[in-house]
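Please keep the sequence and the structure at hand while reading.

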Amino acid sequence: MTVGLVAILQYHDIANQTNFYTLHSWVGIILIVAYYLQFVCGFFTYLYPGATIDVRVFTIPIHKVVGRTLFIFAVIAGVTGVMQEAIWSNPDYASLSENAMLLNFIGFFSAIFIGTMIYLLSDHVFRRRPIPFPVASGSSTGQTIFYGSTSSTRFIPTGSESIRETKEQILVY
C-alpha cells in the first residue's frame, strides 16, 4: 500500500497533476491510515504479551467491525479507481462501449463479492471449529478440563457469562 502511494505521488509530481482531489484518493488515504491504526492496535492487543484477557475481550468486537469496514473500503477504493480511469481515458464511455460494459461488470461483481464475504464472515457456520486444548488438570474427577470441548464442565477463570464465552472464543480462535 505504501509503495503504491509513494509511486502515485511521484507520478503526479512528474506529470504536474494535483494530488488528493478525487473520491478514489480520499478513500485510499482513509483506508491506509485506518489500516495501519488497526494493525498497530491489533499488534499491541493480541500479540503483545502485556495485554490482559479483559482488554482482548473488550476489543475483539471492535477489531472485527473495523476489519470488515476496512475490507469494504478497500473494494470501494478499487472500484472508484477503475471507474475514474475508465471515465478519464475512455472518451466513448457514455456510449457503453465494450470496455465500458466490462468495467461496469467489474464494479457490479465487486459489490457481490463484498456481500458474499461479509455474509461468510458473519455466519457462524463458516467459522473455524474450536480445537480442544487443556487449560487445567486435576479437577475433582481427575479429568483435564478443556476450553471449546463438548464436555459439560468447562474451566472458565473469571468474569460474567457473556465475558466468559468471549474469553473462551479468544483463547480458542
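## Confidence

Where pLDDT is low, the predicted coordinates should not be read in detail.

The protein chain averages a pLDDT of 79, with 75% of the residues scoring at least 70. Among its elements, helix α2 (residues 23-47) has the highest mean pLDDT, 93, while strand β2 (residues 145-147) has the lowest, 46.

## Overall layout

The protein chain holds 5 helices and 2 strands, which follow one another from the N terminus in the order α-α-α-α-β-β-α. Of its 173 residues, 22% count as buried, and the accessible surface comes to about 12,000 Å², with 69% of that belonging to carbon and sulfur atoms.

## Helix α2 and its surroundings

The end C-alpha atoms of α2 are 35 Å apart, which agrees with the 36 Å that its 25 residues should span at 1.5 Å a residue. Buried in this helix are Ser 25, Val 27, Gly 28, Leu 31, Ile 32, Gln 38, Gly 42 and Thr 45, and the buried residues of α2 pack against α1 (2-14) and α3 (53-89).

## A nonpolar surface patch

A nonpolar patch on the surface, with about 920 Å² of accessible area together, is formed by Met 1, Tyr 35, Tyr 36, Phe 39, Val 40, Phe 43, Phe 44, Leu 47 and Tyr 48. Met 1 belongs to the segment before α1 and is partly exposed, its relative accessible area being 46%.

Note on methods
Residues numbered from 1 in each chain as written. Predicted model: local features only at pLDDT ≥ 70, side-chain atom pairs only at ≥ 80, totals over all residues. Heavy atoms only, no water. pLDDT = per-residue confidence, 0-100. Helix = DSSP H or I, 4+ residues; strand = E, 2+ residues; numbered from the N terminus. Expected span 1.5 Å × (residues − 1). Buried < 20%, exposed > 50% of the residue type's maximum accessible area, 1.4 Å probe, protein only. Contact = heavy atoms within 4.5 Å. Patch = residues over 30% accessible without salt bridge, like charges linked within 9 Å, V, L, I, M, F, W, Y side chains within 5 Å. Areas by Shrake-Rupley, 256 points an atom, 1.4 Å probe, with all protein chains shown as cover. Salt bridge = Lys/Arg side-chain N within 4 Å of Asp/Glu carboxyl O.
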